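Q: Could you walk me through this one? I'd like to begin with how the elements are counted.

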Amino acid sequence: MKNPVAFLFVFYLLLSSCTGVKKDEPYVIAFSQCMMDDVWRQAMLLEMNIEASNYDNIRIVIADAKESNETQIKQIQQFIDQKVDVLIISPNQSDSITPIAVEAYRKGIPTIIVDRKIGSEEYTTYVGGDSYEIGRIAGEYASAFLPENATIAEVWGTKLSSPAQERHLGFINGLKKKNVNIKTVVGNWRREIAKKEVSQLEDFNDIDLVYAHNDVMALGAREAISERDSALVSKIIFLGVDAAFGKGAGLEAVANGLLNASFLYPTGGDQVIRVAMKILNKEQTDKKYILNTAVVEKNTARTLLLQSDQLINYQNRIEQQKRNIDMLFQKFSMLRHSLFLILSLLALLLFFAIYIFYINRKINKKNKQLHIKNKESEEQKQKLICLNEKIEQVTSQKLQFFTNVSHEVRTPLTLIVGPLEKWIKLTPESPLLSDLKLMKKNADRLMRVINQLLDFRKIENNKMGLTISQVDIVAFTENVMSLFEDLAKSKEICYEFASEIPTCQIWIDQDKMEKVLTNLLSNAFKFTAVGGKISVQIKDGPDKIYIALQDNGIGIDEKDIEKIFDRFYTGSVPSGVGAGIGLHLTQEFVKMHQGQILVESVPNDYTIFTIELLKGKDHLPDCFPLVHPEDRVDLASTSLNVEKPDELLAKKYNYTILIVEDDPDIQTYIQSEFAPNFSTLKAGNGAEALAILQSENVSLVLSDVLMPEMNGFELCRRIKSDADLSYIPVVLLTALTDDSQRIYGVSEGADDYIQKPFNIDFLKIKIIRLLEERKRLQKRFMQTMQAGGIPIIETEAKIESLDELFMRKFADLLDVSYENTELNVEKISEELGISRVQLYRKVKEISGLSPVDYLRNYRLSKATTLLNQKRYSVSEVAYRTGFSSPAYFAKCFKSVFNMTPTEYVSQE
Ligand code: FRU
């Protein structure tokens, strides 16, 4: 079914041939008439039509020559040219028409000569009456009435036409026995002419009989005679020829007595058509069909007239029926066409139905195939997904393994670096000092490598985030530079720092920016020869800060410059770790700050790395926490800055630190290091720690995160959600470096989060500062509260009005509900319509205290007011200020005021 149009066409042909839509062209029967306007020829036409109505495959075409030979010749010629199927000629004058009639015959056109004859035998058939015989009978008939020596007026038809000549000859022969006197008049077959010619005769009185070659001329003669002498016509016998029916024709005239008799000259109209049909049907025909004649007198005429009336009647009925049939045929033809149309439409419908069925089947087949293919591809996809999952699993396991190994390495490294630092510090005179320093230096290097690898993995996993804080970039850079001072001295390198501005606060992730500077500086030292020069310069731009590190080391080839920041690129410029990730990390860290790092170098002359950092913090993503808890300690510790680290570490503090750590080595190491400064307690995991907290008075919990049974996060959450323990600060200590985990820890309420490996002194200082700062903040808090203000942190950063508004709302909430013991952080965050993490961040940022501490201090401040009033007992005050028990109230009170509530009351 490739071409539906072709199919339809073939179908149409088949259908049309079946329904017989195409009708055969009818045969053309051409009739050349010498004249038409007399009754005999009208009767001839009528008879022809009656006969023709029997056939539906003929068409009769008639040409009227109007008695002109030339016209008739022309018309016959046209019929010849048209190659008509049959040609009927009724010649005007025999001699003139003979040649063209013969030509038609010779050209193969069946030629029928009718009525008048031609002067040749070259025609197919002749049909006509016997004019000679008619004349003869008329002669015999006349002689019966005529006296001796009678006078006859003979009215001739056209002299050159065969019937006129034959009728004359026949008549003369019929009269043979009589002596008659004949007056000749030529009427040319026409009534008027005959009348005129007869009227021109001098005398009618002697005329006994008028014999006209046709009835109409006989009537014309009668009229002429009657006009001259009406009495005369009754004495004269009038004879005509034709006896044709029709108005004013012979039959009527005989019946009416106008003519005495007429001699039948049949038109042969019906016979001509029959003969033509025979010819068309290729049937044998006679050369001549001579039609019968008879005398028609009054009675016969009447009968014939009746018959002819009936005939005409029949004909009319036939014609009416023909018209009806034609109409029916039209209707039938319309119906047939409609049927054809309907059948065509049905066929079309059928075709389309088949086509649609076929297409449908095809589509179904295709669908099935597609379905199978889909299934296959789905299976393949599933397999690929499975495989991918496996690969991902394996990769993640590998990476996890890699990370775990790194962590595993870091913990023992911490335990190597810590004691090493101690030895170096305690045995400055030792002969092993240089070896110890070498060990320390390499351990540090190893640590850096491990850290870089972990950072790299975090960046690859998209787990690296920024922890930004506001920093004086000038002091910060100088600080990082100072780490390399010893190295500069030992390599005799001219190590310089210059800044266009004395100070500039910008927002950075200190940890990452320190790594950036450290990496660039250690590279510079690595590739600058002894006695070389390394300088760092800070330049100030309208919205940017530029830190340019310049050295005069070996430099970088132009072709390498583009690639030095690529991952694992270890071209001619070795990167920090030798694995090609140092500079890559450096660039990634700078990019995370929306900054950029540019390099310019002339080998063996100079190399400049320029870090561009934007001022402000709008360009930085919404980092959490904006202020790192570690930094908070530093930031808040301004009042402690007066005391130098060594001085801080030299003191013994009245704090009990609970060390929660599952690694016994680290636990022991921390405990031994803490012993000179704090009292310590130990727990192997979170659960053990919780048990200890129930019975012991702990100042701070220092906990590892990854531990069996209960991890550090869970421990932190439990402490912070327990009303009796929530005041205890928690510092999380872990090798995990993911920011997300740090954020998680902080959101669980951790007060600080310190990364392994740590410098033990740094850790101790952090703890001291945290605890001292808390004490100081609590005191300030109390003072502020009692002065009727809202405690906020001392910071250079401006508190925005929105923050103030928030704090006002927060304080208002506490004011109306602090007495409710059920009030906790969850409730507060619910009431304020913010998350716990947001609440923590905001309150901590603005006040320096966690929401839990803020609430507890708020209650304590209200409690001191009540205690001062001396209207309530200590227990009453505890319940009135929302503490769950007097014992817990006492514990909290002591941690802030260093005395019990009872002592406080009695002190006054
Ligand atoms: C008619 C007619 C007839 C006559 C015949 C002879 O035109 O004049 O009256 O019989 O032609 O051809």
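A: Helices here are DSSP runs of H or I with at least four residues, numbered from the N terminus. Please keep in mind throughout that this is a predicted model.

Q: OK, so where does asparagine 857 lie?
A: Asparagine 857 belongs to helix 28, which covers residues 851-869.

Q: Is that residue buried or exposed?
A: Asparagine 857 is buried, because its relative accessible area is 0% and buried means under 20%.

Q: And which residues is asparagine 857 in contact with, leaving aside its neighbours within four places in sequence?
A: With those neighbours set aside, asparagine 857 is in contact with Gln778, Phe781, Met782, Leu849 and Val896.

Q: Switching topic, where does UniProt put the transmembrane region?
A: The UniProt record, an unreviewed entry, places a "transmembrane region" at residues 339-359; over that stretch the chain is 100% helix and 0% strand, with the end C-alpha atoms 29 Å apart.

Q: Which helix holds leucine 339?
A: Leucine 339 sits in helix 11, spanning residues 298-426, and with a relative accessible area of 44% leucine 339 is partly exposed.

Q: Which residues form the nonpolar patch on the surface?
A: Leu339 is one of them, together with Ile342, Leu343, Leu346 and Leu349, and the accessible area of this patch is about 460 Å² in total.

Q: What about the whole chain, how many helices and strands?
A: The protein chain has 31 helices and 24 strands, and 48% of its 908 residues count as buried. Its accessible surface comes to about 45700 Å², with 53% belonging to carbon and sulfur atoms.

Methods:
Residues are numbered from 1 along each chain as its sequence is written. This is a predicted model: local features need pLDDT of at least 70, side-chain atom pairs count only at pLDDT 80 or more; totals for chains, interfaces and linings use all residues. Side-chain values use heavy atoms; hydrogens and water are left out. UniProt positions are given in the numbering used here, feature names are shortened, and annotations may be inferred rather than shown by experiment. Helices (H or I, at least four residues) and strands (E, at least two) are DSSP runs, numbered from the N terminus. Patches are made of residues with over 30% relative accessible area and no salt bridge: like charges are joined within 9 Å, nonpolar side chains (Val, Leu, Ile, Met, Phe, Trp, Tyr) within 5 Å. Accessible areas come from the Shrake-Rupley method with a 1.4 Å probe; for residues, only the protein chains shown count as cover. A salt bridge is a side-chain nitrogen of Lys or Arg within 4 Å of a carboxyl oxygen of Asp or Glu. Buried means under 20% relative accessible area, exposed over 50%, partly exposed in between (1.4 Å probe, protein chains only). Contact means heavy atoms within 4.5 Å.
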